[in-house]
Amino acid sequence: MQAFYILLTIAAFGLGSAASATVPTSAAGDPQQPEYVDASDQVFASPGAPTDMPDTVTPPTSSVSNDACSLSSSGLDECIRGLFHSIVPQLRNEGLSEFNMRSIDPYFYQRGIFRYSNDGVQGGLLIKNMEIYGISGLKVNSVSSNFTNSGFVIKLGVELPKLKAGGQFKADVKFGGLRLVPKGPFNITIDNVKATILTDGHIEQLPSGNKQLSLHRLNANVNVGSARVLANGIFSDRNLNAMILNLVNENLPEITRVGIPATREQWAPILVAHINEFFAPVPIEKLLLQ
C-alpha cells in the first residue's frame with residue numbers, strides 16, 4: 001500500500017496540476033525573488049479544506065478575447081481569471097500557436113523517479129510513459145495576485161472535474177524485513193479535485209526583447225473527491241493483487257489527504273519545472289502588460 005501511496009500522490013497532483021500553468025526557476029536567495037508567503041500562515045486553510053472555493057462560480061466578466069491584462073489595472077485578478085477561462089480549454093489536442101503554447105491534454109510524462117522514507121518505510125518509485133487526460137478541464141474560480149517590480153505572488157482557487165492517467169511503474173519498497181519490487185501497468189482515475197495553489201516568481205526580460213514568466217516555488221492545499229487505482233504486478237498472484245488494490249482504493253481519501261503534503265518536497269519542484277518548460281517559448285507580454 002505504501003508503494004501506491006507514493007504513486008497516487010505523484011500522479012494525482014504533482015502531474016495533474018501541471019496544467020494550472022503560469023511560468024525559469026531561480027535559486028533560493030535570488031535577489032529577484034519576492035517575499036514568499038509560506039503555507040504555514042493563514043494563506044491556506046486546514047488540510048483538505050481549500051479556501052476560496054465557492055460551489056457556484058460566476059463566469060469571468062472579462063472578455064474571452066486575447067486582450068492582454070494590464071498589471072496596473074484594478075481589475076487585474078478578474079482579467080487573469082478570464083485568461084485562464086479562455087485559454088485553458090483550447091490547450092486540448094492542438095494548443096495555441098499564436099502564444100507558442102503546445103497542447104497539454106493529453107499530457108505526456110516520459111519518466112520520473114521518486115523516493116520515500118518515513119515511518120520505517122523506505123522505497124523508490126519509477127513512473128514512465130504516462131499519459132494524463134483531463135487537464136484542459138481546469139477551472140480557475142479565484143485569483144489573488146500581487147505584482148511588484150521585483151516579482152509576483154499569486155494565489156489560485158481551482159477545481160478539476162476529472163483526471164485519468166495511465167502508464168508503467170516499478171517500485172522498490174522496504175518496510176520491516178519485507179521487500180516488495182512490484183512493476184507493471186497502472187491506471188488512475190481522480191474525480192472532483194479542488195485546490196488552493198500559492199506560487200511566486202518573476203517576469204524576465206530576454207535578449208530577444210520578449211518577456212518570460214518564471215515560477216520559483218509552489219505550494220498547494222488539495223482535496224480529492226474520489227479516486228481509483230488499477231494496477232497489475234504488485235503480486236504475481238491475481239487474487240492477492242486484487243485484495244491489495246481493494247485495500248488501497250478503500251483508503252484513498254486518507255492516503256491523498258496525508259500523502260500529498262507529505263511528499264510536497266518531491267512533486268513541487270517537478271511541477272514547477274514542467275510549468276516553466278511549458279511557458280519558456282511563450283511571449284508573456286502578449287498576456288500581461290507591465
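Where is Asn-192 found? I looked and found Asn-192 in strand E7 (residues 183-205); strands (E, at least two residues) and helices (H or I, at least four) are DSSP runs, numbered from the N terminus.

**Ground rules.** I number residues from 1 along each chain as its sequence is written. This is a predicted model, where local features need pLDDT of at least 70, side-chain atom pairs count only at pLDDT 80 or more, and totals for chains, interfaces and linings use all residues, while side-chain values use heavy atoms, with hydrogens and water left out.

**Confidence.** I checked pLDDT, the predictor's confidence in each residue, from 0 to 100. The protein chain averages 77, and 77% of the residues score at least 70.

I went back to Asn-192, which has a positive phi of about 55° although it is not a glycine. Asn-192 is partly exposed, at 49% relative accessible area; my cut-offs are buried under 20%, exposed over 50%, partly exposed in between (1.4 Å probe, protein chains only). Asn-93 also has a positive phi, about 70°, and sits in the loop between H2 and E2. Asn-93 counts as exposed, at 51% relative accessibility. I then found a cis peptide bond joining Asp-105 and Pro-106, with omega about 10°. Pro-106 is in the loop between helix H2 (76-87) and strand E2 (107-118). For reference, most residues other than glycine have a negative phi, and most peptide bonds are trans.

Leaving out residues up to four places away in sequence, Ile-87 touches Leu-96, Phe-99, Met-101 and Leu-287.

I asked which residues make the contact of H3 with H4. They are Val-248, Asn-249 and Glu-250 of H3 and Leu-252, Pro-253 and Ile-255 of H4. I moved on to helix H5 (residues 264-279) and noted that the buried residues of H5 include Trp-267, Leu-271, His-274 and Phe-278.

Note on methods: Contact = heavy atoms within 4.5 Å.
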